[in-house]
Amino acid sequence: RQMCIRDRNYERMNMKITNQITRYYILFYALYSMTQRIIPISVFCVGPLAGILYKLIVGLGGCLALVYLVSGFKKWKMNSLFALLGGFILVLCITTLLNRSYNFFDNVLGVITFGVQLILFFSYYHMTEKKEFSFTIQLTAVASSILWNICCAISLAQYLLNIQYRTLNPIGNTVRQGIVDGRLFGIFSDPNFAAFTSFLVLMLLAYTFYCQKTRILRIYIGISVVLNIAYIVFSNSRTVFLCVIGTVFFFVLLLTYRRYIADGRTSVKRFLLYAVRNLALSLAGMIAVYSLLFYPMQNIGKQMEPQRSETDLVRDDVGGDNVTNNRSTIWIHYLDLYKKKPVFGFSINTALPYATEHDPEGYLAQTQYVTHNGYLSLLVETGILGFALMACFIILMLIRNVKRIQANEKISPDYALALSLVVAVLIFLVCFHDIFFTVNIETMLLYLSMGVLFIETDSQTAQSTLSTQTE
C-alpha cells in the first residue's frame, strides 16, 4: 500500500511539473504566433530560422502531448466525440497519402501539428487544477498584451501622424504599413488578423479583470482595453466588427437567459422582450464606444496633419458589385475545385499547387488566393468525409453545451470565457481561412476552450478528475 501511495505521489509530482512546463509553453506559443503578425519582428524570422522555430513549437508540444496522452489516457471516458476526432485524423492521414505528390512532408507536418495541438490544448483543462488553469490564462493575457499594446500604440501613432509606406514581408512580398487604403495596417501584416488578435486579447483581459482585484493591474487592463478597441476601430475590418457584435450579442443573451432562469421565470414572451432590450442596449453601447474613439482621434489626426486626405478612412476595395472584397468569387472557384476531389479532398497544402498545375490560366492559379473561409478550407482539404466528421463533432458539442446552459447550475468564469472564445473564432472562420492545421493564437485558444467546454459538460470525466485528485 505504501508503494502504491508513493507511486501516486510520484505520478502527481510529474504531472505538476508537466503542467508548469505546459503553462510557459502556452505563453511562448501565444507570443510566437503574435510576432508572426508584426512586420518589424517577423522579418527577422525568415528562411531556415522560421522552419526551426515552427518545428520547435511542434516538437516541444508533441513531447508534452505525449506525456498527457500516456498519463491521462485512463482518466478520460471514451465517447462518440473521441470517435469523431479519431475518424477525422484517419481521414487526414488518408488524404495526405492520396495527395503525396504535392507537398507531402508539409502535409505530414500539418497533420502532426493538428494532432499535437488538439491533444495538448484540449487536455490541459482536464489535466491541471482549475486554479492553475486560471493562472495560466491570466499570465498569458497580461504578458501577451504587453507586446500587443506596444504594437497597437505604435500603429495608432502612425494614424495620427499620417504615416504610410510599403515594405517587404518575410516572404518577400510588398505589404502596406501605416494608414493605407482606408485601413490602419500599422506595423501589422494584416489588419484583419491584427484586429482579431486585439479582440482575443480583450476577452482574455476581461477574464483577468474579473479574477484579479489588484488596483494597478486593473488600471493596466483599462489602458489596454482602450488601445486595443481603438486599433479595432481604425483597422476598419468588417469581419472583426461582425465578430465583436456577434460575440457580445451571444454573451448578452447568455447573461439574460441565465438571469431569467435563475429568477424562476418561464414566460418565453417576457424573455424575448428582455433579450431584445438588452441586445439593443449593447448595440447602442458599442456604437457609443466606436464614436467616442473614432471621431476624437480623427479630429486629432486632422489637427496634427492638416494635409491628410478627407477619405483616408474610406475603403476603396469594397462597394458596388464587390461587397465581399472578392471573397464570393474566391469561394465559387474553390467550390469548383472541390468537385475534382470531393470525398477525401486535397490535403492541407495541396489545393493551390494542384490548381496551378492543372489550370495555370485559371483564377486561383493567377491570384494564388487562399479560401478566405475556414469551413470551405476544411471541405476542400479533407473532403466531405472530413468535413462531415468535424461538423458532427461541433454539432454534438453544441448540443451538450445548450443543455449545460439550460441547466439551472452556476456557470464558472472559465466556462463563460471558453464559450465566448469559441463563438468568436467560429464567426471569424466565416471570412478567413482555416486555423485547424496552423500555429496561431486563435488555434490554441479554440482547442483550449473546446477542452473546457468538454469537461464542463461531461459528468463522467469531471467525476473521474475529482476522484483522481482526492485519492
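Select Ala416 to begin: its relative accessible area is 15%, so Ala416 is buried. Buried means under 20% relative accessible area, exposed means over 50%, and partly exposed lies in between (1.4 Å probe, protein chains only). Ala416 sits in helix α15, residues 413-428. Helices (H or I, at least four residues) and strands (E, at least two) are DSSP runs, numbered from the N terminus.

Show what touches Ala416. Leaving aside neighbours within four places in sequence, Ala416 is in contact with Phe251 and Ile411. Contact means heavy atoms within 4.5 Å. Ala416 and Leu254 are 162 residues apart in sequence, and their C-alpha atoms are 8.8 Å apart in space.

A word on what you are viewing. This is a predicted model, with residues numbered from 1 along each chain as its sequence is written. Local features need pLDDT of at least 70, side-chain atom pairs count only at pLDDT 80 or more, totals for chains, interfaces and linings use all residues, and side-chain values use heavy atoms, with hydrogens and water left out.

**Colour by confidence**

pLDDT is the predictor's confidence in each residue, from 0 to 100. The protein chain averages 88, and 92% of the residues score at least 70. Next, select residues 463-471. Here the pLDDT is below 50, and the stretch has 9 contacts in the model beyond near neighbours in sequence.

**Salt bridges**

How many salt bridges does a search of the whole structure find? It finds 5. A salt bridge is a side-chain nitrogen of Lys or Arg within 4 Å of a carboxyl oxygen of Asp or Glu.

Select Glu132 and Arg23. They form a salt bridge, with the closest N and O atoms 2.3 Å apart. Glu132 lies in helix α6 (residues 130-160) and Arg23 in helix α1 (residues 2-35), so the pair ties together parts that are 109 residues apart in sequence. Glu132 is partly exposed, at 27% relative accessibility. Arg23 is buried, at 7%.

Move to Glu456 and Lys130. Their side chains meet in a salt bridge of 3.4 Å, N to O. Glu456 is in helix α16 (residues 441-456) and Lys130 is in helix α6, so this pair links distant parts of the chain, 326 residues apart. Glu456 is buried, with a relative accessible area of 16%. Lys130 is partly exposed, at 48%.

16 of its 16 residues are buried, so α16 is largely enclosed by the rest of the structure. Now check its length. The expected span of a helix is 1.5 Å times one less than its number of residues. For the 16 residues of α16 that gives 22 Å, and the end C-alpha atoms are 22 Å apart, which agrees.

Select strand β2, residues 174-180. 5 of its 7 residues are buried, so β2 is largely enclosed by the rest of the structure. Two strands pair if DSSP finds at least two bridges between them. Strand β1 (residues 164-168) pairs with β2 in the antiparallel sense over 5 bridges. Find Leu168, which stands opposite Thr174 in β2.

Turn to the other partner. Strand β3 (residues 183-186) and β2 pair in the antiparallel sense over 3 bridges. Val180 stands opposite Arg183 in β3.

Last stop: Asp181. The hairpin of β2 and β3 has 2 residues between the strands, and Asp181 takes a positive phi near 55 degrees there. Asp181 also forms a salt bridge with Arg176, the closest N and O atoms being 2.7 Å apart. Arg176 is partly exposed, at 30% relative accessibility. Asp181 is partly exposed, at 30%.
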